[in-house]
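Thank you for making time this morning. I would like to walk you through one structure, and I ask you to keep the sequence and the picture in view while I talk.

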Amino acid sequence: MSGKQFDYLKALVVEDNPHMRELLRTLLNALGIKQVFEAADGTEAFAQLCEHKPDFVLTDLSMAPMDGIEFAKLVRSSEDVPNPYVPIIMVTGHTERHRIEAARDAGVTEIIAKPITVQGLFSRVAEIVERPRPFVRAEEFFGPDRRRRAKREFGGPFRRHDDEVEIR
Amino acid sequence: MNVVSPSKPDAKRLPSGAEMIAANAYPAVMSKNEAAHFIANLKSEETGKRAEETIAASSNVMRNAVEGYVRALGEASRKHDVNAMFAQAHEIRGIAETAGLGVAGRMANGLCLYFDALDGKEADKTTVRLHIEAIQRVVSGEDEGAIANVVAEELTSLVIRKLGESKALGLPG
């Protein structure tokens, strides 16, 4: 395959569907990422993550025995993980709101809805490189800031000291 | 791994007691210079074309896989195994578009959303059967184009109506 190579980059693809796993791997190859490690569920993925220290992770949601939500929680909370800040992009067919919120609350960085598209995948990969998110460490949460971007129309509550509140 | 050392720890405490850690305070995926090269490549026409070709090349493999999931969906339906039906429909919605079977993917997505909204309670058998038969017809090529689209829209309306009826009767969904 021609094109630029980014030999220093490592990605981990976690997906139980072998066809989708293969597709994601070849798309990352097309992007110039040659070091793509693969796992079929969260348990296997965690072992791969600790061994290979990928620069970012693409993970499915529904897998057994450990799904993508539990895997993300483990990455963000385990003392064994080499980099708890590693970007996690969830690629999922589950577009139901409660599942998306569960992924966000587990510490997932970006979410892509299946069916996978080049535009969808590449834009999320660009996002983690160009605009890395601040992290929040709270009593019951560690992960990317769940407030994606400042909303001008946001009406509160203003709980952060850097919230810009206009006093009239 | 290409860990880039943070330039300066930059964490601040929020009024809630939580700690906000700035993006420059933890290891970056790559340096600014590397990122510039990587992003330029990612956004190049050549890379986009190569990636689109990758997806197009996987179409036949994906189509075979969808056909397998549709057979398994039919089998799960005959056994009245809702969990298995959900699992197979979920696989179909994930890859059908890539297989060039987008309408089947939409139908499978509708079936998944229906099961999900019911939250384990009994599904309307006719609604489930109509979805499965429609998916089978699209994948076998019996229904295509405008007809398949109309059927998909009707199935969406049916799910909305059935979930509405469930709510009106005080049932979950």
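Let me begin with a definition, because the expected span of a helix is taken here as 1.5 Å times one less than its number of residues. Helices (H or I, at least four residues) and strands (E, at least two) are DSSP runs, numbered from the N terminus. What we have is a predicted model, in which local features need pLDDT of at least 70 and side-chain atom pairs count only at pLDDT 80 or more, while totals for chains, interfaces and linings use all residues. Residues are numbered from 1 along each chain as its sequence is written, and chains are lettered from A and ligands numbered from 1 in the order in which they are written.

With that in hand, please look at helix 2 of chain B, residues 45-57, where 13 residues reach 18 Å from the first C-alpha to the last, close to the 18 Å expected at 1.5 Å a residue. A residue is called buried if 20 or more other C-beta atoms lie within 10 Å of its own, exposed if 12 or fewer, and partly exposed in between, with C-beta atoms placed from the backbone. By that count the buried residues of helix 2 of chain B are B:Arg50, B:Ala51 and B:Ile55. They cover an arc of only 140° around the axis (the arc of the directions from the helix axis to the C-beta atoms), which puts them on the same side of the helix. On the other side, B:Glu45, B:Glu46, B:Ala56 and B:Ala57 are exposed.

Turning to chain A by itself, we find five helices and seven strands, and 43% of its 168 residues count as buried. An open sheet of five strands has the order 2-1-3-4-5, with parallel pairing. Strand 2 (35-39) and strand 5 (110-113) of chain A stand at the edges, each with a single partner strand, so one side of each is left without a neighbour in the sheet. Strand 1 of chain A, residues 10-14, pairs with strand 2 of chain A in the parallel sense over five bridges, and within that pair A:Ala11 stands opposite A:Val36.

Helix 2 of chain A, residues 42-52, packs on the sheet, touching strand 1, strand 2 and strand 3 (56-59) of chain A. In helix 2 of chain A you will find A:Cys50, which counts as partly exposed because it has 13 C-beta neighbours inside 10 Å. Leaving aside neighbours within four places in sequence, A:Cys50 is in contact with A:Asp80, A:Val81 and A:Pro82.

Chain B, by contrast in its listing, has seven helices and two strands, and 34% of its 173 residues count as buried. In helix 6 of chain B, residues 125-140, B:His131, B:Ile132, B:Ala134, B:Ile135, B:Val138 and B:Val139 are buried. Seen down the axis, these buried residues fall within an arc of 160°, so they line one face of the helix. The face turned away from them carries the exposed residues B:Lys125, B:Thr126, B:Arg129 and B:Ser140, and helix 6 of chain B is followed by B:Gly141, whose phi is positive, near 90°.

Key:
Two strands pair if DSSP finds at least two bridges between them. Two residues are in contact if their C-beta atoms, placed from the backbone, lie within 7 Å. Axes are lines fitted to C-alpha atoms, for helices over the stretch in contact, and angles run from 0 to 180 degrees between N-to-C directions.
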